[in-house]
Structure formats: structure tokens, C-alpha cells
Amino acid sequence: MFMAVAVTAIAQYWLRRSRRRKASAVLEVQTGKADRISVLIVEDDAPTRQRIADGLSDASAFDVSQAGTLAETHRLLAAGYPNVLLTDLQLPDGHGMDLIREVRQRSQATEIMVISILGDEESVISAILLGANGYLLKDALLADIADTVRDLMRGHSPISASIARFIVKRTQGAKDPAARSDLNTAKLTAREIDILWGIAKGFSYSDIADYLGISRQTVPGYIKNIYRKLEVNTRGEAVFEAVQQGLIKL
């Protein structure tokens with residue numbers, strides 16, 4: 001039931017955002033402001049990274065940069081944020097979710113698309129909640145990557161067929177999503193909400209404990225209670241449920 005409600009809300013949210021971005025992109029083209037598209041590819045597998053770059057080899061249309069680690073990515077971002085970020089999730093020195101969160105917080109204009117082997121619902125939902133505009137599985141690549149990037153810039157939200165199917169199936173199976181919209185139905189305490197916010201921001205248990213002035217050993221107990229009250233089993237589900245109830249904002 002939870003995941004059905006989650007993907008229903010995501011589908012509606014994604015559609016509204018796509019329409020707004022599409023209208024903005026059309027206006028940009030009509031006013032002659034469209035230019036070369038800057039693209040940053042973040043992928044630790046060199047052959048895969050090069051295949052993506054080769055698909056964007058039209059120098060008149062794309063300005064492509066590449067990075068294989070988060071450290072390399074941060075060095076490139078120090079010079080400015082690209083029009084489009086194409087990122088894997090599993091990186092050798094961190095997680096792509098952290099990069100998505102960072103880029104979205106600092107650049108609302110950057111279009112973000114995940115390219116990953118991870119197609120589970122938690123990964124997809126978490127990426128979208130953090131600000132991803134599209135999500136492609138690596139087995140869906142890469143013959144039309146240039147058109148996909150252009151679609152992103154036009155305001156579309158490209159997703160792999162298998163992901164679209166589970167969103168549709170879950171949406172069709174949802175029952176009365178409005179029934180879950182009451183605020184704080186789980187009756188979380190103020191301290192539990194503070195800890196949930198720390199989880200959403202990707203802080204470690206030690207970071208959360210230091211920030212709140214509590215013992216690190218008590219944090220897992222709080223998180224266990226949060227999961228029980230929200231009736232979830234993972235961080236991604238807990239964060240999404242908290243956002244849905246208006247308990248926290250990302």
C-alpha cells in the first residue's frame with residue numbers, strides 16, 4: 001500500500017514539474033536563447049562513460065565533461081554547474097544520491113538524470129525525491145542519448161520502460177491516496193522528526209547525535225521507533241512518508 005501511494009504521488013508530481021519545465025524550454029527556444037548544452041557525465045566505468053560521451057560527440061550541440069569519482073565531479077562543479085548532469089548512483093568514493101541532493105540544492109536549473117543498473121523502487125523514488133528529472137537503466141542505453149538529453153532540456157522526464165511499467169502498475173493498484181494525507185498520522189515526537197530530517201539529509205548517526213546533543217548509541221533506537229510508527233523498512237521509504245505527511249522538507 002505504501003509504495004502504491006508513493007509512486008502515485010511521484011507520478012503526479014513528476015508530471016506537473018515536467019509540464020512547467022516544458023513550457024519554460026519552449027519559451028527559451030522561441031526567444032532564441034537556446035545554446036550549446038553543457039553536459040557532465042559522472043560514471044566510474046570508463047567504457048560506459050566513453051559510450052555516453054560518444055553519443056554526445058556533436059560539438060556544435062554539446063559541451064561534454066566527464067568524471068569518474070565524486071572528487072573529480074566536485075572539481076568540475078567548482079567552475080560552474082552544467083545544463084545537464086548524467087550520473088550513476090554507485091561511485092567509488094560516495095553515492096550519486098548525495099550528488100543529486102547537492103546539485104539540486106545549488107542549481108535548480110540543472111537537469112539531472114540517473115543512469116544506473118539499480119532499478120529498485122527505493123532507488124528510483126529516492127532519486128526523484130532528491131531532484132532527479134529522469135531515470136534510465138544502463139540496459140536502456142545508449143543509441144539515442146543525444147535525443148534523451150535534448151528531451152530533458154525540453155522539459156520531459158525520460159524513464160526506462162521497466163520503471164514506467166512499475167509506476168503505472170502501482171498507480172493503478174493504489175486505493176484512495178488521499179486517505180494517507182493527514183499530517184503526522186504516525187504521531188512522531190519532535191526528537192524523532194529531527195532525527196528523520198538528519199536521515200533525509202544523509203547525515204551519519206554520529207553527525208545526528210552531535211547536532212542534537214544526544215548519545216550516538218541512542219540514535220538507532222530512535223530510528224527503529226520511526227520505522228515502526230511509519231510502517232516502513234528503509235530510509236528511502238521513511239523519508240518519502242515523512243515528506244508526504246509534511247513532517248520534513250528536503
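**Entry 1: the second largest pocket**

I began with the lining of the second largest pocket, which by class has eight nonpolar, five polar and four charged residues. The model I am reading is a predicted one. I looked up the volume of this pocket and found about 360 Å³ of space. The lining has 17 residues, and M97, R101, S126, L130 and R235 are the closest to the centre of the pocket.

Which helix gives the most to this lining? I found that α5 does, with five residues. I also noted the elements that each supply at least two lining residues: α4 (96-106), α5 (121-130), α8 (190-200) and α11 (235-244).

**Entry 2: R101 and its partner**

R101 came up at the pocket centre, and I followed its side chain next. R101 meets D98 in a salt bridge, 3.0 Å from N to O. Both residues lie in helix α4, three residues apart, about one turn of the helix. Are the two partners buried or exposed? R101 has 13% relative accessibility and counts as buried because the cut-off is under 20%. D98, at 37%, is partly exposed.

**Entry 3: helix α8**

I listed the buried residues of α8: E192, I193, I195, L196, G198, I199 and A200. What do they pack against? I found α4, α9 (205-212), α10 (219-230) and α11. After the helix comes G202, and its phi is positive, near 80°.

E192 is the charged residue I checked here. Its relative accessible area is 5%, so it is buried. E192 forms a salt bridge with K229, with the closest N and O atoms 2.9 Å apart. K229 lies in α10 and E192 in α8, so the pair ties together parts that are 37 residues apart in sequence. K229 is partly exposed, with a relative accessible area of 23%.

**Entry 4: I223, on the α10 side**

I223 is found in helix α10. At 5% relative accessibility, I223 counts as buried. What does I223 touch, leaving out residues up to four places away in sequence? I noted I195, I199 and Y205. Of these, I195 and I199 are among the buried residues of α8. I223 and I199 are 24 residues apart in sequence, and their C-alpha atoms are 9.0 Å apart in space.

**Entry 5: nonpolar cores**

I looked up the largest nonpolar core and found 22 residues. Those with the most contacts inside this core are L85, L99, I100, V114, A127 and Y135. The elements giving two or more residues to the core are β1 (37-42), α3 (70-77), α4, β6 (111-116), α5 and β7 (134-137). Apart from this core lies another, of 21 residues, including L188, A209, I226 and I248. As background, nonpolar side chains tend to be buried together in soluble globular proteins.

**Entry 6: D88 and K138**

How many salt bridges does the structure hold? I noted seven. One of them joins the side chains of D88 and K138, at 3.1 Å from N to O. This pair links distant parts of the chain, 50 residues apart. D88 is in the loop between β3 (84-87) and β4 (90-91), and K138 is in the loop between β7 and α6 (145-153). D88 counts as buried, at 4% relative accessibility. I also found E43 linked with D88 and K138 in a network of salt bridges.

Methods
Residues are numbered from 1 along each chain as its sequence is written. This is a predicted model: local features need pLDDT of at least 70, side-chain atom pairs count only at pLDDT 80 or more; totals for chains, interfaces and linings use all residues. Side-chain values use heavy atoms; hydrogens and water are left out. On a 1 Å grid over the protein atoms alone, a cavity is a set of points where a 1.4 Å probe fits but cannot get out, and a pocket is an open set with protein on both sides within 12 Å along at least five of seven lines; lining residues have an atom within 4 Å of a point. Grid points are joined across faces, edges and corners, and a volume is the space filled by probe spheres set on the points. Helices (H or I, at least four residues) and strands (E, at least two) are DSSP runs, numbered from the N terminus. Ala, Val, Leu, Ile, Met, Phe, Trp, Tyr, Cys and Pro count as nonpolar, Asp, Glu, Lys and Arg as charged, and the others, Gly among them, as polar. Buried means under 20% relative accessible area, exposed over 50%, partly exposed in between (1.4 Å probe, protein chains only). Contact means heavy atoms within 4.5 Å. A nonpolar core is a set of buried Ala, Val, Leu, Ile, Met, Phe, Trp, Tyr and Cys residues joined through side-chain atoms within 4.5 Å. A salt bridge is a side-chain nitrogen of Lys or Arg within 4 Å of a carboxyl oxygen of Asp or Glu.
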